[in-house]
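Please look over the structure below. This briefing covers a helix, a strand and a set of charged pairs.

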Amino acid sequence: MWDQVQETVSYIKGKINFIPEFGVILGSGLGGFSEEIAIDYLLPYDEIPNFPVSTVQGHKGALVFGTIGSKKVVAMQGRFHYYEGYSMQEVTFPVRVMKYLGIEKLIVSNASGGVNPNYKVGSIMIIKDHINFMPEHPLRGNNDERFGPRFVNMSQPYSVEMIREAKVIAKELNIEIHEGVYLGLQGPTFETLAEYRMVKILGADCVGMSTVPEVIVARHMELETFGISIITDMGNEESISTISHNEVLEAAKSAEPNLRMLIKELIVRS
Ligand code: HPA
């Protein structure tokens, strides 16, 4: 894995002269964030050695390099999900590559189903913590100490400083935000009513099919990490019958302008 990551990093560094400070992973329907980036380079995933290729509708599949204000960023336009059939090592491979391209901070976004009754479709939730309910762990197997330690401290997976800053920004921009716990399940089915109920009982505010493995690997390498979720559907009796991928994409699109402004400001001020 180390050699593969370094090979990919060398390839990218050979193609472009750019050292990003921020990594951004754009979730379902959030790909438009790249419009905030003054793009210097765009590398489609299928041209990058060792990269998996994205398969889901609504994900474009490219690494976008450029600036937001004076900050250098690399954005993943489209991510890799466990349910697509990739191993957890494949799902998280780009995070390792971004680390060795130079990023110090990672911002992760996603779409999720809300189980907190105070949320509604279109709500924005800062992820303050997560519950790993995925069936496989990205750090399972031999640990390469060059990446990080065998046993990773997960007391603060999401940066307290970045959360504080994001809340200040949201207030200034008059964007309503929540702070909550994200629970990761493998998908690709949306949850049954009983499963949404379980998610709530377990102490989470929303549920999704991504983010958790990426954040674990980011923390393995001591990246400062910020996560944010758009509630695209509600996991309750009234709403469950209409949940579909199209509804998720539509709801993500409606919340996107606010999320975009928030992430942009967070990057500019960090
Ligand atoms: N469940 C799981 N993943 C999701 C959901 C959901 O309700 N909405 C968007 N991603």
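The model is predicted. Helix α6 runs over residues 245-269. Strand β5 covers residues 105-114. Salt bridges number 11 in this model.

- Helix α6 has 25 residues, and at 1.5 Å a residue it should span 36 Å.
- Buried residues of α6 include V248, L249, A251, A252 and A255.
- Further along α6, the buried residues include L259, L262, I263, L266 and I267.
- An α-helix has 3.6 residues a turn, so residues three or four places apart point the same way.

**Strand β5: burial and partners**

- In β5, 10 of the 10 residues are buried, so the strand is largely enclosed by the rest of the structure.
- Strand β1 (residues 22-26) runs parallel to β5, and 4 bridges join them.
- Within that pairing, I25 has V108 of β5 as its bridge partner.
- Strand β9 (residues 224-234) also runs parallel to β5, through 10 bridges.
- There, L106 stands opposite T225 of β9.
- Strand β8 (residues 206-208) pairs with β5 in the antiparallel sense, over 2 bridges.
- In that pairing, G113 has V207 of β8 as its bridge partner.

- Side chains of opposite charge can pair when their charged atoms come close.
- E35 and R260 form a salt bridge, with their closest N and O atoms 2.9 Å apart.
- E35 lies in the loop between β1 and β2 (38-44) and R260 in helix α6, so this pair ties together parts 225 residues apart in sequence.
- R260 also forms a salt bridge with E36, the closest N and O atoms being 3.1 Å apart.
- That pair links distant parts of the chain, with E36 in the loop between β1 and β2 and R260 in α6, 224 residues apart.
- K264 and E36 meet through their side chains in a salt bridge of 3.4 Å, N to O.
- K264 lies in helix α6 and E36 in the loop between β1 and β2, so the pair ties together parts 228 residues apart in sequence.
- E35, E36, E256, R260 and K264 are linked in a network of salt bridges.

**Exposure of the charged residues**

- Which of these residues is exposed, with a relative accessible area of 63%? That residue is E35.
- R260 is buried, with a relative accessible area of 16%.
- E36 is partly exposed, at a relative accessible area of 22%.
- K264 is partly exposed, at a relative accessible area of 31%.

Methods: Residues are numbered from 1 along each chain as its sequence is written. This is a predicted model: local features need pLDDT of at least 70, side-chain atom pairs count only at pLDDT 80 or more; totals for chains, interfaces and linings use all residues. Side-chain values use heavy atoms; hydrogens and water are left out. The expected span of a helix is 1.5 Å times one less than its number of residues. Buried means under 20% relative accessible area, exposed over 50%, partly exposed in between (1.4 Å probe, protein chains only). Two strands pair if DSSP finds at least two bridges between them. A salt bridge is a side-chain nitrogen of Lys or Arg within 4 Å of a carboxyl oxygen of Asp or Glu.
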